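Here are my notes on this one, as numbered points. Have the viewer open while you read.

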Amino acid sequence: KPDGWLHAAALLFWADDGRFIGQLASLRSREQGDFTAVELEDLRSLHPQVNAAVIRLLTQENAAATQVTLEHALHALPLPIAIVTWDFAISFTNSAATETVHRWRHGPAAARALKPDAGLPEDLTAACMTLKEGWNEAVRTYDFNRMPWSITLAHPVTGGLGATIRLVESPAGRTLHPTFVIHFELPRTPD
């Protein structure tokens, strides 16, 4: 009878594989009275919808945790990788990509002296725009066989510096806009 609670009703939640997920309980004091049969029946009728919502929430939390884990792993990679939204905003870069985007914009000598700035360089944005236009045309005509899925660019000045931009369709299919993944190729250093 902690905190004056005398009556309780609980909804228990289970995963499809039989694992116990948790519970949602409603507690009442003596003054509030016990749960009526009608209230308990209402709780029973709501259980399937609430259980489905709990499972969806846990699925989303697991996906978010996986994303954070992948971001931590990608940050440690020496391969420069950037993820760009449908609206051309950088949503993720690992450390190597942040430096490479800065080098792409300013050249290797100036990049060492300047603080990194936000946003994609114009030619990378233009390549994303080309892929976006191709996607929009493919959606309009429902012909995805002729659209470009990637573009490779060479840096206009720095030899060996390049970028491959790929259009990545959402796992949700065509209900969400794709994203762009940019893999940078760095100039080879003499051994």
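**Notes on the fold**

1. Let's start in the core. The largest nonpolar core has 24 residues, and those touching the most other members are Leu-124, Ile-165, Phe-180, Ile-182 and Phe-184. A nonpolar core here is a set of buried Ala, Val, Leu, Ile, Met, Phe, Trp, Tyr and Cys residues joined through side-chain atoms within 4.5 Å. Two or more residues each come from β3, α2 (95–106), α4, β6 and β7, with α4 giving the largest share, six residues.

2. Some housekeeping before going on. This is a predicted model, where local features need pLDDT of at least 70 and side-chain atom pairs count only at pLDDT 80 or more, while totals for chains, interfaces and linings use all residues. Residues are numbered from 1 along each chain as its sequence is written, and side-chain values use heavy atoms, with hydrogens and water left out.

3. On to the element list: the chain has four helices and seven strands, running β-β-α-β-β-α-α-α-β-β-β from the N terminus. Helices (H or I, at least four residues) and strands (E, at least two) are DSSP runs, numbered from the N terminus.

4. Which order do the strands of the open sheet take? The five strands go β4-β3-β7-β6-β5, with antiparallel pairing; two strands pair if DSSP finds at least two bridges between them. At the edges sit β4 (90–93) and β5 (150–154), each pairing on one side only. On average, neighbouring strands are turned by 20 degrees against each other, direction ignored. Axes are lines fitted to C-alpha atoms, for helices over the stretch in contact, and angles run from 0 to 180 degrees between N-to-C directions.

5. Helix α4 (residues 122–141) packs on this sheet and touches β5, β6 (162–168) and β7 (179–185). The direction of α4 makes about 30 degrees with that of β6.

6. Have a look at β3 (residues 81–84), which pairs with β4 in the antiparallel sense over three bridges.

7. Leaving aside neighbours within four places in sequence, Ile-182 is in contact (heavy atoms within 4.5 Å) with residues including Pro-80, Ile-81, Leu-120 and Ile-165.

8. Beyond its neighbours within four places in sequence, Thr-158 is in contact with Pro-108 and Pro-187.

9. Finally, the overall dimensions. The chain has a radius of gyration of 26 Å, whereas a compact globule of 191 residues would be near 16 Å; the radius is taken over C-alpha atoms, and the globule rule is 2.2 Å times the number of residues to the power 0.38. Along the principal axes, the C-alpha atoms fill a box of roughly 80 × 45 × 30 Å. Buried residues make up 29% of the chain.

How values were computed:
Buried means under 20% relative accessible area, exposed over 50%, partly exposed in between (1.4 Å probe, protein chains only).
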